[in-house]
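Have the sequence and the 3D view handy as you read.

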Amino acid sequence: MEKLKETTVQHPYDAGHYDVIVVGAGHAGCEAALAAARMGQRTLLLTISLEMVAFMPCNPSLGGPAKGTVVREIDALGGEMGKIIDQTYIQMRLLNTGKGPAVQALRAQADKHAYHAAMKHVIEQQEGLVLRQAIVDDLLVTSDQIDGVVTNTGAAYYAPAVVLATGTSARGQIYIGELRYSSGPNNSVPSIRLSENLAAKGFPLERFKTGTPPRVNGKTIDYTELEEQPGDAQPHHFSFTTAYDDYLSVADQVSCWLTYTNPQTHQLIRDHLDRSPLFNGVLDGIGPRYCPSLEDKVVRFADKDRHQVFLEPEGRENEEWYVDGMSTSMPEEIQQEMLHSVKGLEHAELMRPGYAIEYDIIPPDQMKPNMESKRIAGLFTAGQTNGTSGYEEAAGQGLLAGINAARKNQQLEPVVLKRSDGYIGVLIDDLVTKGTNEPYRLLTSRAEYRLLLRNDNADLRLTPLGYELGLISEARYLRFKKKQAAIASELQRLQTIRVKPGAAVNDFVTQHGDKPLQDGIVAAQFLRRPYVDYDQLLKFIPARETPLAPEEVEQVTVQTKYAGYIQKEEEKVAKLRRMEQKKIPASIDYDEIAGIATEGREKLKQIQPATLAQAARISGVNPSDLSILSVYIQQGRVAKTK
Amino acid sequence: MSLMTTDYDTIAAISTPPGVGGIAIVRVSGSTAIALVEKVFSGPDLTKVATHTINYGHLIDAGAHRETVDEVMVTVMRAPQTYTKEDIVEINCHGGIEVTNQVLQLVLRQGARLAEPGEFTKRAFLNGRIDLSQSEAVMDLIDAKTATAQKAALNQLDGSLSRVVKRLRRELVDLLANVEVNIDYPEYDGAETVTTKLMQTKTNKIMQELDELLQTEQQGKILRDGLETAIVGRPNVGKSSLLNCLLHENKAIVTDVPGTTRDVLDEYVNVRGVPLHLIDTAGIRKTDNQVEKIGVDRSKAALKKADLVLLVLNASEKLTAGDRELLAATQDSKRIILLNKTDLPELIELDQLDVPKATLIKTSAVAENGTRALEAALAKLFFEEGVTSTQLDVMVTNARQASLLEQARSALQTVLEGLKQGLPVDIVQIDLQRAWEFLGEITGDNYDDELMDQLFKKFCIGK
């Protein structure tokens, strides 16, 4: 039989003109396209497969520390992720409840198929947005300005702004043991020509890798000796728009289950390490430290005789279970043995094997702070293309890339979130300023103003901006203003009224080992005591005319109890703001400045920081480089050492 | 950007003590250093010789007479592998004051500028060759007035303070990483949960070490700045003989300012490594028949500035009103009482002197034995056990470092208070992190991804 031959279309046709084209409909692409369309841009969203729109090819969950806050920030800026997960979650949990307000984190288990379907439906209904299945092969560029894209069917779509969000499809290669094949995530079609053409246009692509664990049939899991992890009874939501009591009861939520690997599992891995592409030298892309494969964990932490394995449902009408903690690229038969060595999975039926996937990224320090390429005007990049990992990180970038593509077309100032504005600001600033040498994941510890970037105040921080951008409706903004006013008035009231000594209050304080009140005490002061909560306080002071909603109570409590710390962080922000105001002229020639160390000079030339504050965050730029640079800018010349 | 001169200018200075050795060195640093010396050098072409070579020749004053100034060896060191990371030329000439000065003048006439004290070091820092704590140590070295102080500065130059601070930072970052992993991976069971108790214990331990470091700051300051010392007493009790004895018993100090000249400062004396700066030496020398009242007033004026008071009493006389006045006035000062003229019959009412024995020195004409006793009393007064070399291993000698240590300490104090109030670990962690940042400012290491690296190195986290 004659071998099948691939062919290409030689003559593109004019397939239409748009304001913004988004390539890739993963979590970044969806937010980018929706934001651009909602800002009045005629937008085209292209995806290799309509079945992969907003798909979760890895874990079926959203949120957690930092990431959960990102989902709320996306929501406050008028993005979609929060709303969709609120409609399609099958379990909701607030993590870190035993810790302070800065680090409490909401996490949802998603019905991944329902999530995909709901997002796809929103996109299909969005006015001004066209969703189409297509493989983009090349960018159209005229003298360093983007013109559009060409697909493999020869369709040339034109637009002055293009957002690239191709994710792990970019020259993706899947590894399972000795098997290697070209593929996008979850056996989808990979995008190959686009990468080749980007490389030809001078983009220095790098190879990153990530991985996913096997999926097993839930009916074959033996839960009897596993630890159950049910959802929360107390309602929590990601989106401001979801009504408080619109919430699934614990019984209606689906539990996760906890089990462990054991020495037998680890021995299996050691015995077959030479068959793991991660260890036999076949796969050398850079993988994330925070999301290691089980092979990695066993080798790097040889003294641990067990690792946690969380079993997570992938959906409601679905028996596929995600074996969290066993990400692996071992050969299929070893994967099965590994699974069967784990308690509860002795008879588990493998449905999909785990795999490692290697893909192209564009080093993100080639972006300007508005996420536009320094190389090609009008070209924006977002998501895994920029070397990040995680659905939330992707969505946050997509949203900002979409917003900035629209702003650029509208000839408006770019929107650049500061590190003190939100985790999305931290994320993009890290990417733009430091680049990344492994798949980048947000952690709360990456934020220097963690207490300001709380999960609970994301809406307060960013809704005004979302409204200004036209992404928040008038009705929602009014509701937001009401919430803001209620919080402000109650904070004010607690400063002015006093808790007066009396039998009830003194009983209460002595029960907690405090001295009875002699004189009245300002209510806010009283609330600051560790054992006092707002409801307790209300017993000793007059009630409000209109009682506060639970989210308002939360704000009043946090803002009162941690006022001192919040103020300290705000002072730090104000200090930094002065550095942010010291702009570095774009025309600066770093070769002209004597005294800057070679490494610092190279980094400065590469990153081209916009402000001294940004320059200070570049690794490799040391304090003496900074002082020299600062003097150079401020005086317009290098001062003599005198 | 045409108006910018991007290079530092070229500087020159004598970097050895003139008149002391047989050879003196004039050091020139800057981008024009080599060309500039070449203009007056007769010998191999310095602009062409290899770097780090010594070249024999003569310095010629290119003026009217084309005189040979000196026969010299010229070391050429090209940037960046030099102390300042700039081109450096060192001219080894014959060591007399006259000749050395001529050489320096000659170089200055070619367009170099006379360096300020410490300017070579400043360039080394600005050019990124040494870190902040090291450059401060060099500045301290330059200012150091005695060998002991010099040793403290030298220790710091090779990084002993840096080492301690870096170790403390590592301990802090370990604790921080542990807190962070609890936060970012709340379900991960491989890390110790940082409880209030655990944090308290570790914070206390680090704070204790900071306290110890800060205690050395006081000693460090004394070694660096010396003690403002007032010699007081009414007229004719022997103040000037004490002064002369201190000055002439080879205790006089020279300050060592590399790069310029060496001045003899007679108001500094060295008592067992501790520089004493004597206040109002001129006043003490005036031994004319002063009225007692004026002498006492003058003494009281000197007291105001003093860290140390040497109160001289005449043992062969009963205590006078003036003595009593000075005793009262110095009651709260660190003081050493010298009973002079003990060779004469002792008439002084010792029982009325309510002072610790250790600070009471009996001496006649404050001779040799007296100064030795003085050294012992001084050590007792300021260093408890004396300045030993083990203590010198780490000594904080610099105000900036001390202030950062102080701030780190106070941040840790806030941590402990927060824990006491029952605030959650991630809130008090804010101050823990601040302490870590303050310490980083001492050595110039800050931020980067140290915390993140630690997190991933230590814990097997992630899904």
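In this predicted model, the side chains of B:Glu90 and B:Arg27 come together in a salt bridge, with N and O 3.0 Å apart. B:Glu90 belongs to strand S6 (residues 88-94) of chain B and B:Arg27 to strand S2 (residues 23-29) of chain B, so this pair ties together parts that are 63 residues apart in sequence. Is B:Glu90 buried or exposed? With a relative accessibility of 16%, B:Glu90 counts as buried, because the cut-off for buried is under 20%.

Why would two such side chains pair up at all? Side chains of opposite charge can do so when their charged atoms come close. Over all chains, the structure holds 46 salt bridges. Here are some of them, with the N to O distance for each pair.

| Salt bridge | N to O distance |
|---|---|
| B:Glu90 and B:Arg27 | 3.0 Å |
| A:Glu333 and A:Arg275 | 3.0 Å |
| B:Arg167 and B:Glu171 | 3.0 Å |

The salt bridge between A:Glu333 and A:Arg275 links distant parts of its chain: A:Glu333 sits in helix H8 (residues 332-340) of chain A, while A:Arg275 is in the loop between helix H6 (263-271) and helix H7 (294-300) of chain A, 58 residues apart. A:Glu333 is partly exposed, at 41% relative accessible area, and A:Arg275 is partly exposed too, at 23%.

Now for B:Arg167 and B:Glu171: both lie in helix H6 (residues 160-184) of chain B, 4 residues apart, which is about one turn of the helix. An α-helix has 3.6 residues a turn, so residues three or four places apart point the same way. B:Arg167 is partly exposed at 30% relative accessibility, and B:Glu171 is partly exposed at 23%. Salt bridges can also share partners: A:Arg419, A:Asp429, A:Asp430, A:Lys434, A:Glu448 and A:Arg617 are joined into one network that way.

Next, some helices. Which residues of helix H11 (residues 321-329) of chain B are buried? They are B:Gly322, B:Asp323, B:Leu326 and B:Leu327. These residues cover an arc of only 135 degrees around the axis, so they are on the same side of H11(B). At the start of H11(B), a side-chain oxygen of B:Thr320 comes to within 3.2 Å of the backbone nitrogen of B:Gly322.

Over in chain A, helix H9 (residues 391-409) and helix H10 (residues 423-434) pack with their axes 10 Å apart, at an angle of about 85 degrees. H9(A) and H10(A) are therefore roughly perpendicular to each other. Where they meet, H9(A) brings A:Glu393, A:Gly396, A:Gln397 and A:Leu400, and H10(A) brings A:Ile424, A:Leu427, A:Ile428 and A:Leu431.

A:Thr510 is part of helix H13 (residues 503-511) of chain A and is partly exposed, with a relative accessible area of 38%. What does the side chain of A:Thr510 reach? That side chain gets to the backbone oxygen of A:Asn506, at 2.6 Å. By C-alpha atoms, A:Thr510 and A:Arg461 are separated by 39 Å, and they are 49 residues apart along the chain.

Let's finish with some loops. Most residues other than glycine have a negative phi, and most peptide bonds are trans. Check the bond from B:Ala79 to B:Pro80, though: this peptide bond is cis, with omega near 5 degrees. B:Pro80 is in the loop between strand S5 (67-77) and S6 of chain B.

A:Asn186 isn't a glycine, yet has a positive phi of about 55 degrees. You'll find A:Asn186 in the loop between strand S13 (179-182) and helix H5 (193-200) of chain A, partly exposed at 22% relative accessibility. A:Asn187 is in the loop between S13 and H5 of chain A as well, and its phi is positive, near 60 degrees. At 55% relative accessibility, A:Asn187 counts as exposed.

Finally, look at A:Ser169 in the loop between strand S11 (161-164) and strand S12 (173-176) of chain A. A:Ser169 is buried, with a relative accessible area of 13%. Leaving out residues up to four places away in sequence, A:Ser169 touches A:Ile48, A:Gly184, A:Pro185, A:Val189, A:Pro190 and A:Ser191.

Note on methods
Residues are numbered from 1 along each chain as its sequence is written. Chains are lettered from A and ligands numbered from 1 in the order in which they are written. This is a predicted model: local features need pLDDT of at least 70, side-chain atom pairs count only at pLDDT 80 or more; totals for chains, interfaces and linings use all residues. Side-chain values use heavy atoms; hydrogens and water are left out. A salt bridge is a side-chain nitrogen of Lys or Arg within 4 Å of a carboxyl oxygen of Asp or Glu. Helices (H or I, at least four residues) and strands (E, at least two) are DSSP runs, numbered from the N terminus. Buried means under 20% relative accessible area, exposed over 50%, partly exposed in between (1.4 Å probe, protein chains only). The arc is that of the directions from the helix axis to the C-beta atoms. A polar contact is a pair of N or O atoms within 3.5 Å; within protein, one must be able to donate a hydrogen and the other to accept it, and residues adjacent in sequence count only if both atoms are side-chain atoms. Axes are lines fitted to C-alpha atoms, for helices over the stretch in contact, and angles run from 0 to 180 degrees between N-to-C directions. Angles under 35 degrees count as roughly parallel, over 145 as roughly antiparallel, 65 to 115 as roughly perpendicular and the rest as oblique. Contact means heavy atoms within 4.5 Å.
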